[in-house]
Amino acid sequence: MRKIEHLGIAVKDIEQANETYSKLLGVKPYKQEAVESEGVKTSFFMLGESKIELLEATNADSAIAKYIEKRGEGIHHIAIDVEDIQAERQRLIDEGFQPIGDIKEGADNKLICFFHPKSTNGVLTELCQERP
Ligand code: ZN
């Protein structure tokens, strides 16, 4: 575990949120990317070495759509940068944390996996590793 890589924020309208966050942070998103497999559009803002990821659902089955329906817009997950995602995922499983699905390809050239908020005091936790 090296650092917090980004915070993910669930939004209803990513164009509107891009404008709001550009004003808030004083920078434009450096990347916008759709992740078909997750049913999301994303955009990334860089602040020093920290990032903020905005996520909008592209279909009603997307986890982001369900999240917003239940809880409204807001912080959706915290992502931690790891050197070896296989090893860290296994370490957390061995510690009793509850994985959601397998390691997969995420936005921003990352391999990602998630751990259930039930096992992390209510915070959906993502591990991410830069793709080689
Ligand atoms: Zn993320």
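## Lysine 110 and the zinc site

In this predicted model, the side chains of lysine 110 and glutamate 130 are joined by a polar contact of 3.2 Å. Lysine 110 lies in strand β7, which covers residues 110–115. With a relative accessible area of 3%, lysine 110 is buried, because the term applies to residues under 20% relative accessible area. A further polar contact, of 3.4 Å, connects the side chain of lysine 110 with that of glutamate 5. The two polar contacts are set out below.

| Side chain | Partner side chain | Polar contact |
|---|---|---|
| Lysine 110 | Glutamate 130 | 3.2 Å |
| Lysine 110 | Glutamate 5 | 3.4 Å |

When neighbours within four places in sequence are set aside, the residues in contact with lysine 110 include Lys51, Lys104, Glu105, Cys128, Gln129 and Arg131, besides Glu5 and Glu130.

The model also holds a zinc ion, whose protein donors are His6 (NE2), Glu53 (OE), His77 (NE2) and Glu126 (OE). These donors lie 2.1 to 2.2 Å from the zinc ion. Along the sequence, the donor residues follow the spacing H-x46-E-x23-H-x48-E. Histidine 6 and glutamate 126 link distant parts of the chain, being 120 residues apart. Histidine 6 belongs to strand β1 (residues 3–10), whereas glutamate 126 belongs to strand β8 (residues 125–130). Both histidine 6 and glutamate 126 are buried.

Why is the arrangement of the four donor atoms around the zinc ion irregular? The angles that these atoms subtend run from 82 to 170°. A tetrahedral arrangement would require all angles to lie between 85 and 135 degrees, so the arrangement around the zinc ion does not count as tetrahedral and is irregular.

Methods:
Residues are numbered from 1 along each chain as its sequence is written. This is a predicted model: local features need pLDDT of at least 70, side-chain atom pairs count only at pLDDT 80 or more; totals for chains, interfaces and linings use all residues. Side-chain values use heavy atoms; hydrogens and water are left out. Donors are N, O and S atoms within 2.8 Å of the metal (3.2 Å for Na, K and Ca); water is not among the atoms, so sites may look incomplete. Four donors count as tetrahedral if all angles lie between 85 and 135 degrees; four count as square planar and six as octahedral if opposite donors are over 155 degrees apart and all others between 65 and 115; anything else is irregular. Helices (H or I, at least four residues) and strands (E, at least two) are DSSP runs, numbered from the N terminus. Buried means under 20% relative accessible area, exposed over 50%, partly exposed in between (1.4 Å probe, protein chains only). A polar contact is a pair of N or O atoms within 3.5 Å; within protein, one must be able to donate a hydrogen and the other to accept it, and residues adjacent in sequence count only if both atoms are side-chain atoms. Contact means heavy atoms within 4.5 Å.
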